[in-house]
Amino acid sequence: MASIKKLDERRYKITVSNGYRPDGKKISKAKTIQVPPSVPKRGIGQYVAHAAEELERSFKTGYAEDGEMTFEEFASRWLKRQTKYAPSTIATYRQMLEVVYPMIGGIRLNKLRPMALENMLSELRKRKHHGKRINESTAQRYLSVVSAVLSDAKRNEIIEKNPARMLDLPTPQRTVQRIPTRGEVEKLLDALAKEPRHYRLFYLLSMYTGCRRGELSALQWSDFTGTQNGLLLTVSRSRSSVPGKGIVEGSTKNGKSREVYLSSDLRGILLAYKRRKQMEADKQRRRLSPYLFTDEQGQLIHPDTFTKRLRKIYAAIGFPREYHLHTLRHYFVTSLLHCGVDKQTVADLVGHADTGFLERTYCHPQQAQKEQAADSMRTMLRPDGEQIFNLAAACSPKQHSA
């Protein structure tokens, strides 16, 4: 309960306690109030009691004490509470926050203003990566992590507003992801046919399912269920390299599982691969590993191995340097959208909560689709196939004299 001390006729000191700190000191908050002259003498007691009740309520719900916490202290606690993100995602957030701590970490939550975040962005824009200054979108990704922390503080009624949402930000230049053409995909498949089985299947599943590298690395035989026309794949785990911890297996990036259907031809490829793996295990007198992607001794393959191997394949067949393993995921998403699959279904297949990120990141029309759009417009204007303008008719003598 709050304690009230009368200082004079209309001035009172209200003190509220809320437990103890780890060092044994009492957590308390004091506030001196001045009762307005408009309040009659008989109502002073009621006014002060109401003020004490309001102070106690705000203090115990967080606005007072927790607001005194520095951003770094609260962000560290926020990281420990996150359970829906994959370990690699948490590690990335931790690295990004450690970059901004020297800029805003010592500021109390209730004193953090938009100007401090603008100064933070100015400092971030001066940072260099591989000798070049980072772009605007990268700087704003740091702000997004800071905003996530502050949104949690707002949700818990520690601060009233999220200052990160109050900035007037420049629009970052979008990086257009190049998508392999149909001819390039055929060329890649021909190259993969010469690769060892585990590489061949890994990259094929990447193109066929849109799964992330970590999700493919964590696939187990039990994740596949036979259906009447093919297979049902349940994606629920991810294996990622986490700084300081090595390879860690956890949930998917958004913490949710999803289902992807595979056709009958891919089912045949998968069964043939499993038979080969079983033969390897029998030859070495060991059990078949529950994981798909293992070496000849049944040991799990490091996720980075698949990235490095694909870069060598790309280089060998003359693909652009911008292509990487995630390009196959881009190809999956963009191809489905161009085939008319609705955006929400595609978002569900690749593990996005909504279509917004999907549209910003993956909707890249290829040259063939642009040409098709032009042909469609041409057909709309002249369904009969005639020239758009009949210049001969337009210049006939009758029309000219008119």
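Figure 1. On the surface, K283 gathers with R197, R200 and R276 in a patch of positive charge. The elements that give two or more residues to this positive patch are helix 7, which covers residues 197-209, and helix 9, which covers residues 264-283.

**Figure 2. A salt bridge between R108 and E68.** The side chains of R108 and E68 form a salt bridge in which the closest N and O atoms are 2.7 Å apart. This pair links distant parts of the chain, since R108 sits in the loop between helix 3 (87-105) and helix 4 (114-124), while E68 sits in the loop between helix 1 (44-60) and helix 2 (71-81), 40 residues apart. R108 is partly exposed, at 42% relative accessibility, and E68 is also partly exposed, at 27% relative accessibility.

**Figure 3. A salt bridge between E215 and R212.** In this view the side chains of E215 and R212 meet in a salt bridge, with a distance of 2.8 Å from N to O. E215 is buried, with a relative accessibility of 1%, and R212, at 14% relative accessibility, is buried as well. Both residues are called buried because their values fall under the cut-off of 20% relative accessible area.

**Figure 4. A salt bridge between D8 and R11.** D8 and R11 form a salt bridge, and their closest N and O atoms are 3.3 Å apart. D8 counts as partly exposed at 34% relative accessibility, and R11 is likewise partly exposed, with a relative accessible area of 34%.

**Figure 5. A network of salt bridges that links R81, D152 and R155**. Here R81, D152 and R155 are shown together, as the members of a network in which salt bridges link the residues. A search of the whole structure finds 14 salt bridges.

**Figure 6. Confidence along the predicted chain.** The chain has an average pLDDT of 85, and 85% of its residues score at least 70.

Key. Residues numbered from 1 in each chain as written. Predicted model: local features only at pLDDT ≥ 70, side-chain atom pairs only at ≥ 80, totals over all residues. Heavy atoms only, no water. Patch = residues over 30% accessible without salt bridge, like charges linked within 9 Å, V, L, I, M, F, W, Y side chains within 5 Å. Areas by Shrake-Rupley, 256 points an atom, 1.4 Å probe, with all protein chains shown as cover. Salt bridge = Lys/Arg side-chain N within 4 Å of Asp/Glu carboxyl O. Lys, Arg positive; Asp, Glu negative; His and termini not counted. Charge placed at Lys NZ, Arg CZ, Asp CG, Glu CD. Helix = DSSP H or I, 4+ residues; strand = E, 2+ residues; numbered from the N terminus. pLDDT = per-residue confidence, 0-100. Buried < 20%, exposed > 50% of the residue type's maximum accessible area, 1.4 Å probe, protein only.
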